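Student: I have a new structure to read and would like to go through it feature by feature. Where do we begin?

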Amino acid sequence: MYAALATTFLALHFVFIAYVVVGGFLVWRWPKAFWPHLAAAAWGLAVVTVPLTCPLTVAEHWARRRAGQAVGERGFIDTYIENVIYPERYTHLAQVLVGVVVVFSYAVALAKLRHRRAERTMS
């Protein structure tokens, strides 16, 4: 049971990171999605800039220990992303690219919002 729980936390972690990266595009369609995504993006920024441990990492490690599995000292990104999806030497570049994607998604969302407001005032 605990091994399945650890896998669930692992999957949630991947989903959360995907949401941080591309969730801003949801704002294009649903402007109210801005605030939840901003909170997620702010947490993502905090985790990579300040030495914080993500609660999902803590939960996954706890479940792995309970399942009798080995638990390393590294975090989720260090374990499952770096040197798997991209080489460690590109970590800073990957972080910058994620920031660019989020800022771009918000810039387009703002332009769409202004366009919608302009259309409403004209009709």
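Student: Which residues of α4 are buried?

Tutor: Buried means under 20% relative accessible area, exposed means over 50%, and partly exposed lies in between, with a 1.4 Å probe and only protein chains counted. In α4, the buried residues are Thr57, Ala59, Glu60, His61, Ala63 and Arg64. This is a predicted model, where local features need pLDDT of at least 70, side-chain atom pairs count only at pLDDT 80 or more, and totals for chains, interfaces and linings use all residues. Residues are numbered from 1 along each chain as its sequence is written, and side-chain values use heavy atoms, with hydrogens and water left out.

Student: What do the buried residues of α4 pack against?

Tutor: Contact means heavy atoms within 4.5 Å. By that test, the buried residues of α4 pack against α1 and α5. Take arginine 64, which is found in helix α4. Arginine 64 counts as buried because its relative accessible area is 13%. Apart from neighbours within four places in sequence, arginine 64 is in contact with Ala6, Leu10, Gln69, Ala70, Val71 and Tyr80.

Student: How is a helix defined, and what span should α4 have?

Tutor: Helices (H or I, at least four residues) and strands (E, at least two) are DSSP runs, numbered from the N terminus. The expected span of a helix is 1.5 Å times one less than its number of residues. The 12 residues of α4 should span 16 Å, and its end C-alpha atoms are 16 Å apart, so the two agree.

Student: How many helices and strands does the protein chain have?

Tutor: The protein chain has 6 helices and 0 strands. Its radius of gyration is 18 Å, well over the 14 Å that the globule rule gives for 123 residues, so the chain is more spread out than a compact globule. The radius is taken over C-alpha atoms, and the rule is 2.2 Å times the number of residues to the power 0.38. Along its principal axes, the C-alpha trace spans about 65 × 35 × 20 Å.

Student: What share of the residues in the protein chain is buried?

Tutor: Buried residues make up 24% of the 123 residues. Of the contacts between residues at least 6 apart in sequence, 63% join residues at least 24 apart.

Student: What span does α6 have, and which of its residues are buried?

Tutor: α6 has 32 residues and reaches 47 Å from its first C-alpha to its last, close to the 46 Å expected. Its buried residues are Thr91, Val102, Ser105, Tyr106 and Ala109. An α-helix has 3.6 residues a turn, so residues three or four places apart point the same way. The buried residues of α6 pack against α1 (2–22), α2 (26–29) and α3 (34–49).

Student: Which residues does threonine 91 touch?

Tutor: Threonine 91 lies in helix α6, which covers residues 91–122. Threonine 91 is buried, since its relative accessible area is 13%. Not counting residues up to four places away in sequence, threonine 91 touches Glu82 and Tyr86.

Student: How do I read the phi of asparagine 83?

Tutor: Most residues other than glycine have a negative phi. Asparagine 83 has a phi near 65°, a positive value in a residue other than glycine. Asparagine 83 lies in the loop between α5 (76–81) and α6, and is exposed, with a relative accessible area of 52%. A glycine case is glycine 68, which follows α4 and has a positive phi, near 80°.

Student: Where is leucine 52, and which residues does it touch?

Tutor: Leucine 52 is in the loop between α3 and α4 (55–66). Leucine 52 counts as partly exposed because its relative accessibility is 36%. Leaving out residues up to four places away in sequence, leucine 52 touches Trp43, Ala46 and Val47.

Student: How far apart in space are alanine 39 and valine 20?

Tutor: Alanine 39 and valine 20 are 9.2 Å apart, C-alpha to C-alpha, and 19 residues apart in sequence. Alanine 39 is in helix α3 and is partly exposed, with a relative accessible area of 47%.
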